[in-house]
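Biologist: I'm new to this one, and I'd like a close look at a single part. Could you walk me through the place where the two chains touch, and what surrounds it?

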Amino acid sequence: MSTSFETCEEWNAGDLACGELVIELRKKLRQMPGRVLKVIALDSSAPIDLPAWCRLTNNELVRYDAGTKSFWIKSRINWS
Amino acid sequence: MPGKFVVSLTCAKDNTDNATVAFVVANAAVASDKEAVVFLSTEGTRLSQKGYADDVHEEGFAPLKDLMKNFAEAGGKIYVCSPCFKKRGLDENNLVAGAVVVGGAKLVEFMGEACPSVSY
């Protein structure tokens with residue numbers, strides 16, 4: 001099944017970083033298993049931290065756009 | 001990626017920068033599916049008391065009380081060193097969410113043979 005990046009939900013995380021960013025991201029993704037969330041994260045550490053977080057938590061980083069500081073993350077199915 | 005993670009914190013209002021960053025990192029751990037514990041010892045035990053952290057807000061970070069609340073709501077636990085707690089005359093009936101007063105054996109048991117940790 002293809003995912004439309006144009007119609008997915010969006011969250012502007014602003015300047016959030018580190019633990020503050022990922023704990024809020026986790027809350028949002030838990031509410032939407034299997035769906036894609038577009039995250040706009042402005043902090044300079046996000047391009048390193050968010051891919052690492054996705055690997056740790058088995059959420060799929062399906063696309064990253066450096067120009068707009070946007071990350072499209074597919075929420076895993078099996079949240080416990 | 002399951003596993004455990006311990007953040008050891010020995011500061012409270014004597015170093016609000018360290019106290020804040022400790023809980024930011026603890027939030028990163030619990031948000032990364034780790035079984036996360038913040039171990040409060042010496043001065044850090046004061047953070048176990050409801051209301052104590054309400055006026056701690058380091059520039060550039062969320063208020064400490066919010067960081068602690070988010071950590072507990074995500075399933076994180078706060079172990080509070082028992083002798084440090086008693087020495088300061090703190091109140092076991094006034095613990096923040098997620099906090100439990102423990103002895104060293106509980107921490108040793110939790111950490112087991114291989115548990116990453118970071119200290120502040």
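**Starting from a loop**

Modeller: Let's start with T42(B), which sits in the loop between β2 and α2 of chain B. Keep in mind that this is a predicted model. T42(B) isn't a glycine, yet its phi is positive, at about 40 degrees. It has 16 C-beta neighbours inside 10 Å, so T42(B) counts as partly exposed.

Stay in that loop, between β2 (35-40) and α2 of chain B, and you'll also find A53(B). A53(B) has 25 other C-beta atoms within 10 Å; the cut-off for buried is 20 or more, so A53(B) is buried. What does A53(B) touch, once you set aside its neighbours within four places in sequence? The contacts are L47(B), L64(B), K65(B) and M68(B). There is also a distance to look at here: the C-alpha atoms of A53(B) and P63(B) are 8.4 Å apart, and the two residues are ten apart along the chain.

Helix α1 of chain B covers residues 16-31 and helix α2 covers residues 64-73. Their axes come within 9 Å and cross at roughly 25 degrees. Angles under 35 degrees count as roughly parallel, so that is the word for α1(B) and α2(B). The crossing of this pair is left-handed.

Now for the place where the chains touch. α1(B) packs with helix α1 of chain A, residues 18-30, at an angle of about 35 degrees, and the two axes are 7 Å apart. This crossing, of α1(A) past α1(B), is left-handed. From α1(A) come C18(A), G19(A), E20(A), V22(A), I23(A) and R26(A). They meet V24(B), V25(B), A26(B), N27(B), A28(B), V30(B) and A31(B) in α1(B). By type, the residues of this helix pair are nine nonpolar, two polar and two charged.

Step back to the whole contact between the chains: nine residues come from chain A and 13 residues from chain B. On the chain A side, α1 and α2 (46-57) each supply at least two residues. It is α1(A) that gives the most to this side, with six residues. The chain A side as a whole divides into five nonpolar, two polar and two charged.

What is each chain like around that contact? Chain A has two helices and four strands, and from the N terminus on they run β-α-β-α-β-β. The C-alpha trace of chain A spans about 30 × 30 × 20 Å along its principal axes. Buried residues make up 30% of its 80 residues. Take the contacts in chain A between residues at least 6 apart in sequence, and 64% of them join residues at least 24 apart.

Chain A has a residue with a positive phi to look at too. K69(A) is not a glycine, but its phi is about 55 degrees. You'll find K69(A) in the loop between β3 (60-65) and β4 (70-74) of chain A. With 17 C-beta neighbours inside 10 Å, K69(A) counts as partly exposed.

Chain B has four helices and five strands, and along the sequence they follow the pattern β-α-β-α-β-α-β-α-β. Its radius of gyration is 13 Å, close to the 14 Å that the globule rule gives for 120 residues, so chain B is as compact as a globular protein of that length. Its C-alpha trace spans about 35 × 35 × 20 Å along the principal axes. Of the 120 residues in chain B, 42% are buried. Among its contacts between residues at least 6 apart in sequence, 72% join residues at least 24 apart.

Terms used: Residues numbered from 1 in each chain as written. Chains lettered and ligands numbered in written order. Predicted model: local features only at pLDDT ≥ 70, side-chain atom pairs only at ≥ 80, totals over all residues. Axes fitted to C-alpha atoms, helices over the stretch in contact; angles between N-to-C directions. Parallel < 35°, antiparallel > 145°, perpendicular 65-115°, else oblique. Left-handed = near helix turned anticlockwise from the far one by under 90°. Contact = placed C-beta atoms within 7 Å. Nonpolar A, V, L, I, M, F, W, Y, C, P; charged D, E, K, R; others polar. Buried ≥ 20, exposed ≤ 12 C-beta atoms within 10 Å, placed from the backbone. Rg over C-alpha atoms; globule rule 2.2 N^0.38 Å.
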